[in-house]
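Let's take a friendly walk through a protein model together. Keep the picture beside you as you read, and look up each part as it comes along.

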Amino acid sequence: MNAQDSGTRGTTPSLLHTAAELDALRRPAGARRVVVMTMGALHEGHATLIRTARSAAGPAGQVVVTVFVNPLQFGEAADLDRYPRTLHADLVVAAAAGADAVFAPSVDEVYPGGEPQVRITAGPMGERLEGAARPGHFDGMLTVVAKLLHLTRPDEALYGQKDAQQLALIRRMVRDLNFGVEITGVATVRDPDGLALSSRNRFLSAEERRTALALPRSLFAARDRLAAQQALHERATATTANASRVAGLAALGESRAAADTQAVTLARPSGGPAAVRAAARLVLEDASKEQPPLAVDYLALVDPADFTEIPDDREHGEAILAVAARVGATRLIDNIPLTFGALT
Ligand SMILES: Nc1ncnc2c1ncn2[C@@H]1O[C@H](COP(=O)(O)OP(=O)(O)OP(=O)(O)O)[C@@H](O)[C@H]1O
Ligand SMILES: CC(C)(CO)[C@@H](O)C(=O)[O-]
Ligand code: BAL
C-alpha cells in the first residue's frame, strides 16, 4: 500500500513502516491530524480511542494509529517477549474504527542508533505506583511518546484513562516541555463483567479471570461507599434547619427521633479517604484468599495532578483510586476517578 493513498476512509488504512513513509503521508490543507498510540493487539478499548479520534479529527481530518512495542518501557524481558504481536488483525480493527493510516515501525526504525542516550526523565511522579513497580518504565514510555509525537506531528493525541499515571505524565511532559499538542483522555472501556480491557487479559485462564474481577469490584465498592456517605450528608444539608428540628423534637420529648436527626446532621461531608480505601481493601483481601489468589501490588488513593497520596482529612476535590495486582503470571492495573464532596 502506498503512503499517498491515505485519507480514503472505509478502505484499509495506509500501512507505513518508516519515518520517510510517514513524512510522505499527505495532510490535506487545514486538516486536523489526531494520533492514537498503541502497542498493538488492538481491542475494543483501542477501537474506542480510534473512533473518538475520528470524531475529533472530523470528516476532513486525518487519524493516525501507531503500533509499536517499545522495548525501552519493559523491565522484565519475559514481559516484552510474550507481548502479543497481531499486526494483521490490528489493521482490521483500525480500519473499522476509522483510521486513515497505521504507522508500525521496527525497533531499528525508531531507535536507529541503538538505545537512545538522551531520554525523557519522568521525575518524581514517574517514581510512584507504577513507576516504583516498574523502574525505568515511565522514562522509556515518555521517551517513545516524545519520539512518536515528533514523527507523527499531530494536532491532538488521545490516551486511555486506564493508564491514568501514564496519561498524567504525558500531560505533564507536554506542558513542561512545550510540545504544543492537545492531549485528550478517554474513559476506561470495560467488558460486561467489569474487567478493564487490556491486551494482557488474554493471558488469564477462566479461573484467573474470575479472581481478577476483584480489581473492578474493589473500585466499584469504594465508589459506592463514597456515594452512600455523600448521599447521607446531602440528606442532612438538604433538610432545612436540621439543628432546630433536633431541638424541637427534643422539646416534644421525641428523644429517639431527635437522636436520629442529629446523627444525619453530623454525618461526615464525604466518605472520607480512609473509608473509601477500606471499602476497596476489603474486596481485595477476600480475593487474596481465592484460588488462584490475587497478589496485590498496591492500592492507592491519589491526587490526579501528581499521584501523591490523598491525606485522610481531605474532603473535597478530585482523586484517583488506583490498583495493581498479579494473578498467576499476569499483572493487571485498574483505576477509577472519584470526586470527594461532590454533593455538598
Ligand atoms: N480498556 C481501555 N480503555 C480505554 N483505553 C485503553 C484501554 N486499554 C488500553 N487503552 C489505551 O490504549 C492506548 C494503548 O494502550 P496499550 O496498547 O498499552 O494497550 P493495553 O491494553 O493497555 O495493553 P497492556 O495493558 O497489556 O499494556 C493507551 O492510551 C491505553 O491507555
Ligand atoms: C503510550 C504507549 C503507546 C507508548 O509506548 C504505551 O505506553 C501504551 O500503549 O499505553
Ligand atoms: N498500557 C501501558 C503500557 C505498558 O504496560 O507498558
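## The overall build

The protein has 13 helices and nine strands; these are DSSP runs (H or I over at least four residues for helices, E over at least two for strands), numbered from the N terminus. This is a predicted model, in which local features need pLDDT of at least 70 and side-chain atom pairs count only at pLDDT 80 or more, while totals for chains, interfaces and linings use all residues. Residues are numbered from 1 along each chain as its sequence is written, and chains are lettered from A and ligands numbered from 1 in the order in which they are written.

How much of the protein is buried? Of its 344 residues, 37% count as buried. A residue is buried if 20 or more other C-beta atoms lie within 10 Å of its own, exposed if 12 or fewer do, and partly exposed in between, with C-beta atoms placed from the backbone. Now take the contacts between residues at least 6 apart in sequence: 71% of them join residues at least 24 apart. Here, two residues are in contact if their C-beta atoms, placed from the backbone, lie within 7 Å.

Find helix α2 (residues 44–57) and helix α4 (residues 87–97): their axes come within 8 Å and cross at roughly 35°. The axes are lines fitted to C-alpha atoms, for helices over the stretch in contact, and the angles run from 0 to 180 degrees between N-to-C directions.

Where they meet, α2 brings His46, Ala47, Ile50, Arg51 and Arg54, and α4 brings Val93, Ala94 and Ala97. Sorted by class, this contact has five nonpolar, one polar and two charged residues. In this sorting, Ala, Val, Leu, Ile, Met, Phe, Trp, Tyr, Cys and Pro count as nonpolar, Asp, Glu, Lys and Arg as charged, and the others, Gly among them, as polar.

## Around ligand 1

Helix α2 turns up again here, as it gives the largest share of the shell around ligand 1, three residues. Both α2 and β5 (156–160) supply at least two residues of that shell.

Of the 17 residues around ligand 1, Gly45, Gly160, Leu197, Ser199 and Arg200 come nearest. A residue is near a molecule or strand if its C-beta atom, placed from the backbone, lies within 6 Å of it. The shell has seven nonpolar, seven polar and three charged residues.

## Around ligand 2

Which helix gives the largest share of the shell around ligand 2? That is α7, with three residues. At least two residues each come from β2 (33–38) and α7 (137–152). Among the residues around ligand 2 are Met37, Asn70, Gln73, Met141, Asp163 and Gln166. By class, the shell divides into five nonpolar, four polar and one charged.

In an unreviewed UniProt entry, the annotation "binding site" covers Gln73 and Gln166. They span 94 residues in sequence, yet no two of their C-alpha atoms are more than 11.5 Å apart, so they gather at one spot. UniProt positions are given in the numbering used here, feature names are shortened, and annotations may be inferred rather than shown by experiment.

Gln73 lies in the loop between β3 (62–67) and α3 (77–82), and counts as buried because it has 21 C-beta neighbours inside 10 Å. Leaving aside neighbours within four places in sequence, Gln73 is in contact with His137, Gly140, Met141 and Val144. Gln166 lies in helix α8 (residues 164–176) and has 22 C-beta neighbours inside 10 Å, so Gln166 counts as buried. With neighbours within four places in sequence left out, Gln166 is in contact with Met141 and Tyr159.
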